[in-house]
Amino acid sequence: MSNDIILQISNRIKVKRKEGRITLQQLAEDVGVTKGLISQIENNRTVPSLNVLLSIIRSLQIDLNDFFDKLETFENSGPVIIKASQYQAIEKEYTKGTFYYRITSFKHQGKLIDIILYKQDKNAKKGYVSTQAHEFNYMIKGKAEYTIERKKYVVDEGDSFYYDARKPHLSKCLSDDPYEMLVVYFFDEE
């Protein structure tokens, strides 16, 4: 379930690019940015500038009105119940054996908050990543090692931690079964 406008925009870009069978590299070259930036935009790791967003829409040959039509806003004064079947599997770049499931995303006091259920296999292939956000993580099941600025931290079931995810970081599963973690991203709006 996706109720945040920025999240919906990034998802529409990815869907339209894939529908047109356009690679990340092709879109990046046409827009005049890096492949990594397009990937970060599609995976909601960064918010594109207006110029870049319009260039992407133009490159994908989408009518501007059609692209922004029917974006939902998250306005609900009551509790929000999200069933597990509604979690949205999302692909992240440069990973194998890692699984991201978006629970929900919304804005609070002008800040984008993205809530993810993250799972990682023992033999996952994943390099260092950084996200334009701060992260709060709660280990639901398993054990993991995080490397942040060359320091290693071990997180066990029931542990939680908060850090600046803009710093390159690497996670490694230390348990035999995949570990499961609740990840809350707090994005800074620019």
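The model is predicted, so local features need pLDDT of at least 70, side-chain atom pairs count only at pLDDT 80 or more, and totals for chains, interfaces and linings use all residues. Residues are numbered from 1 along each chain as its sequence is written, and side-chain values use heavy atoms, with hydrogens and water left out.

**Fold**

- The protein has 5 helices and 9 strands, taken as DSSP runs numbered from the N terminus (helices are H or I with at least four residues, strands are E with at least two).
- Along the sequence the order of elements is α-α-α-α-α-β-β-β-β-β-β-β-β-β.
- Of the 190 residues, 44% count as buried; buried means under 20% relative accessible area, exposed over 50%, and partly exposed in between (1.4 Å probe, protein chains only).

**Cavity**

- The structure holds 1 cavity of 30 Å³ or more, and the largest cavity has a volume of about 110 Å³.
- A cavity is a set of points, on a 1 Å grid over the protein atoms alone, where a 1.4 Å probe fits but cannot get out, and lining residues have an atom within 4 Å of a point.
- Grid points are joined across faces, edges and corners, and the volume is the space filled by probe spheres set on the points.
- Among the 13 lining residues of the largest cavity, Tyr100, Lys126, Glu135, Tyr146 and Tyr185 are the closest to its centre.
- Strand S3 (111–126) and strand S9 (179–187) are the elements that give two or more residues to this lining, with the largest share, 3 residues, coming from S3.
- The lining of the largest cavity divides into 8 nonpolar, 2 polar and 3 charged residues (Ala, Val, Leu, Ile, Met, Phe, Trp, Tyr, Cys and Pro count as nonpolar, Asp, Glu, Lys and Arg as charged, and the others, Gly among them, as polar).

**Surface patch**

- Phe136, Tyr138, Ile140, Tyr162 and Phe186 make a nonpolar surface patch of about 450 Å².
- Patch residues have over 30% relative accessible area and no salt bridge, and nonpolar side chains (Val, Leu, Ile, Met, Phe, Trp, Tyr) are joined within 5 Å.
- A salt bridge is a side-chain nitrogen of Lys or Arg within 4 Å of a carboxyl oxygen of Asp or Glu.
- Strand S4 (residues 133–141) gives the largest share of the patch, 3 residues.
- Tyr162 is found in strand S7 (residues 160–164) and counts as exposed because its relative accessible area is 52%.

**Buried strand residue**

- Val183 lies in strand S9 and counts as buried because its relative accessibility is 4%.
- Val183 and Ile116 are 67 residues apart in sequence, and 5.1 Å apart in space from C-alpha to C-alpha.

Terms used
Patches are made of residues with over 30% relative accessible area and no salt bridge: like charges are joined within 9 Å, nonpolar side chains (Val, Leu, Ile, Met, Phe, Trp, Tyr) within 5 Å. Accessible areas come from the Shrake-Rupley method with a 1.4 Å probe; for residues, only the protein chains shown count as cover. On a 1 Å grid over the protein atoms alone, a cavity is a set of points where a 1.4 Å probe fits but cannot get out, and a pocket is an open set with protein on both sides within 12 Å along at least five of seven lines; lining residues have an atom within 4 Å of a point.
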